[in-house]
Amino acid sequence: MSDTSSFRTIAIVGATSAIAHHCARLWLAAGTVDRLVLIGRDAARLPSVAADLQVRQPGTRIESIAGDMLRPDAIADTVRSVCAEGVPDLVLIAHGNLPDQPACESDLAAAQQALEVNGISPALWAEAFAGAQQAQGRGRIGIIGSVAGDRGRQSNYVYGAAKGLVERYAQGLQHRLAGTGVRVTLVKPGPTDTPMTAHLKAQGARLATPEDVAGAIVRGMARGTPVVYAPAKWALIMLVIRHLPRAVFHRMKI
Amino acid sequence: MVAVHSWGRLQAAEHTLHALADHPPTRLPLAEGQHGLAHGMGRSYGDVCLNPGGALWATRGLDRFIAWDESTGELTCEAGVLLRDIQRTFVPRGWMLPVTPGTQFATVGGAIANDVHGKNHHVHGSFGDHVTALQLLRTDGLRMHCGPGLRPDWFAATVGGLGLTGVVTQATLRLRRVAGPWLDTETLPYASLREFFALSDASEADWEYTVSWIDCLSGADARGIFMRGNHVPGPVASPPRTPGGGKRTVPFAPPFSLVNRLSLRPFNTAYYHLHAQRAGRRLQHYEPFFYPLDNLLEWNRIYGRRGFHQYQCAVPREGGEGAVAALLGEISASGQGSFLGVLKTFGQRTPPGLLSFPMPGVTLALDFPNLGESTLRLFERLDTVVAAAGGRLYPAKDARMPRALFESGYPRLPEFLPYRDPRIRSAMSLRLFGD
């Protein structure tokens, strides 16, 4: 199970995300995907993604499912119906949004929403698919975390906390599934040029392209790599950040 | 505010960037009193894609295909789609863009706004000739469909309209069938302008693609390499190696131009002889034939920190040989220039846009390192030759043409003016239109 030709059925949760869309393009380009399931919150935004992918790969059957991304019963129902037609060989969990940190500090509801969307929800989706893949004895689950989850910092710690949750969850799932033929890949992108970071781009920040990040994800998941930093340089950057003594870190304005 | 420059790297002015990300966009974000402009890949050389101090609507997020009709070859896509992605998706399926400029790294919107042309102009015209419909978004929120048969006046204003009539958000293109990626090509050295024109005329009937590289320092005894090509009509038994994805990049701009008096003459001499030796017929993949420079990413950096100008003109065939000889004489005398001189004939076709650049005749394009005043003075001398011949300059390459030359070169300009969006402006429009 080390090359993409084995991924005949793929499910993407959060399919309208720029990174997920670029991953889908790469997977479809190989011409070996029979069925692609796009799952997202907004029924109005899925058709455009599906249309783009269908033009690129007329030979793949593309299904779109819009629905609640947070409630456990809704998640379980969706996963059940997807798996009824065949358990996906590969699942990518890519949904999320970048919350406004000051808003989270002044409004607990905003903080709760950010933690649910970016932390709890991805864990629930992974949990729902994990059982089905484990029963098959094979599969790939990719979960998009973030470098922000490596260490909480003042400018985005609510988001960072959610992604930290995702990391801890992924570790546990990897342990549970060790030796089963199901591999879990935790992806940690650095800041990437997508609609979610438009405000950073407008300030002139240098962001990775979604194409580059998608390439790293597709390669990492093909190999079943446990943790992928995208681009790779973030592994070194975050190693340093994680090991800065607290007294030093607290003086930094990041 | 973010510093943005175009391909010529002549200026890096500050802009307010807004990425268009709705599929489709329904409004153009603009602050009170501000003007804006669409910006794709920034492959134009001068200031057609810049709006210093104003807003830029970045279209790269509009990179989706929308629909494909295999029976008609019509592709509908968002305006931020790269020409490269169209080619890479469809050539393996037996379809290709009928017209493509010298780089694949341009967007569909940019190709329409500049009505770009390629090496097969005499057969297939320019990019706008293959656009069957487009959607335009104006700053007042108006969204309009237009095409050659629907609101043709808006279409003719927008094709080659330099982005000034509104933002193209999506377009429908008619692709053409191809048997594969291979071209049957022939390379022929020539040693005079007379020979060049004879080759062009002789190639017109039997060859779809024609272009030539010209040694800009050779003066009146213009020497160069003529290249022509046709699509291979069937399968190829043993194709040459497909070009690898290997790309090199110029990592930084040196403090001076690598193209200068010392490097140019020996390079041009070597280049001419190298290609003269390889003269003859061979099979080539379309990528290196159409896009010779795309494999050297950021090649514009070799001109150093001062950037470079491109001078591209078109002159009518009548008197064209004399005009080109005069231009080459001026350039050779100045010692300025680059090894990227291109000389090509245009076909007898009416262009689709009011401000389209191609005209029946011949076009000469050359890069010049920006040496400040001496470059601008040389260009003024070239302008005189072009104006006297009844020719014009290509706005997509231009950063300095005088308003008078623009007006004399584009007689349909008065018809274009009513279609301008009042809140869209570029550095070029300020320079050539006054606002």
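Where in chain B is Pro24(B) found? Pro24(B) sits in the loop between strand S2 (13–19) and strand S3 (36–39) of chain B. The views below come from a predicted model, in which local features need pLDDT of at least 70, side-chain atom pairs count only at pLDDT 80 or more, and totals for chains, interfaces and linings use all residues. Residues are numbered from 1 along each chain as its sequence is written, while chains are lettered from A and ligands numbered from 1 in the order in which they are written.

**View 1. The cis peptide bond at Pro24(B).** His23(B) and Pro24(B) are joined by a cis peptide bond with omega of about 0°.

**View 2. The cis peptide bond at Pro231(A).** In chain A, a cis peptide bond links Ala230(A) to Pro231(A), with omega of about -10°. Pro231(A) belongs to the loop between strand S7 (227–230) and helix H9 (233–243) of chain A. Most residues other than glycine have a negative phi, and most peptide bonds are trans.

**View 3. Positive phi at Asp115(B).** Asp115(B) is a residue other than glycine with a positive phi, near 40°. Its place is in the loop between helix H2 (108–113) and H3 of chain B.

**View 4. Helices H5(A) and H6(A).** Helix H5 (residues 108–136) and helix H6 (residues 157–177) of chain A pack with their axes 8 Å apart, at an angle of about 15°. H5(A) is therefore roughly parallel to H6(A). Axes are lines fitted to C-alpha atoms, for helices over the stretch in contact, and angles run from 0 to 180 degrees between N-to-C directions. Angles under 35 degrees count as roughly parallel, over 145 as roughly antiparallel, 65 to 115 as roughly perpendicular and the rest as oblique. Residues making the contact include Ala111(A), Ala114(A), Leu115(A) and Gly119(A) of H5(A), and Ala162(A), Leu165(A), Val166(A) and Tyr169(A) of H6(A). Two residues are in contact if their C-beta atoms, placed from the backbone, lie within 7 Å. By class, this contact of H5(A) with H6(A) has 16 nonpolar, three polar and one charged residues. Ala, Val, Leu, Ile, Met, Phe, Trp, Tyr, Cys and Pro count as nonpolar, Asp, Glu, Lys and Arg as charged, and the others, Gly among them, as polar.

**View 5. Helices H1(A) and H2(A).** Helix H1 (residues 18–29) and helix H2 (residues 46–56) of chain A cross at roughly 20°, and their axes come within 10 Å. That angle makes H1(A) roughly parallel to H2(A), and the crossing is right-handed. H1(A) contributes His21(A), Ala24(A), Arg25(A) and Leu28(A), and H2(A) contributes Val49(A), Leu53(A) and Arg56(A). The contact of H1(A) with H2(A) is made up of four nonpolar, one polar and two charged residues.

**View 6. Where chain A touches chain B.** Ten residues of chain A are in contact with twelve residues of chain B. On the side of chain A that touches chain B, two or more residues each come from H2 and helix H7 (198–202) of chain A. H2(A) gives the largest share, five residues. This side of chain A has five nonpolar, two polar and three charged residues.

**View 7. Domains 2 and 3 of chain B.** Chain B is divided into domain 1 (2–60), domain 2 (65–178) and domain 3 (182–409), with bounds from an automatic or database domain assignment. The C-alpha centres of domain 2 and domain 3 of chain B lie 24 Å apart. In the contact, 24 residues of domain 2 of chain B meet 25 residues of domain 3 of chain B. On the domain 2 side, helix H3 (121–124) and helix H4 (152–158) of chain B each supply at least two residues, and H3(B) gives the most, with three residues. The residues of that side comprise seven nonpolar, 14 polar and three charged.

Technical notes: Helix = DSSP H or I, 4+ residues; strand = E, 2+ residues; numbered from the N terminus. Left-handed = near helix turned anticlockwise from the far one by under 90°.
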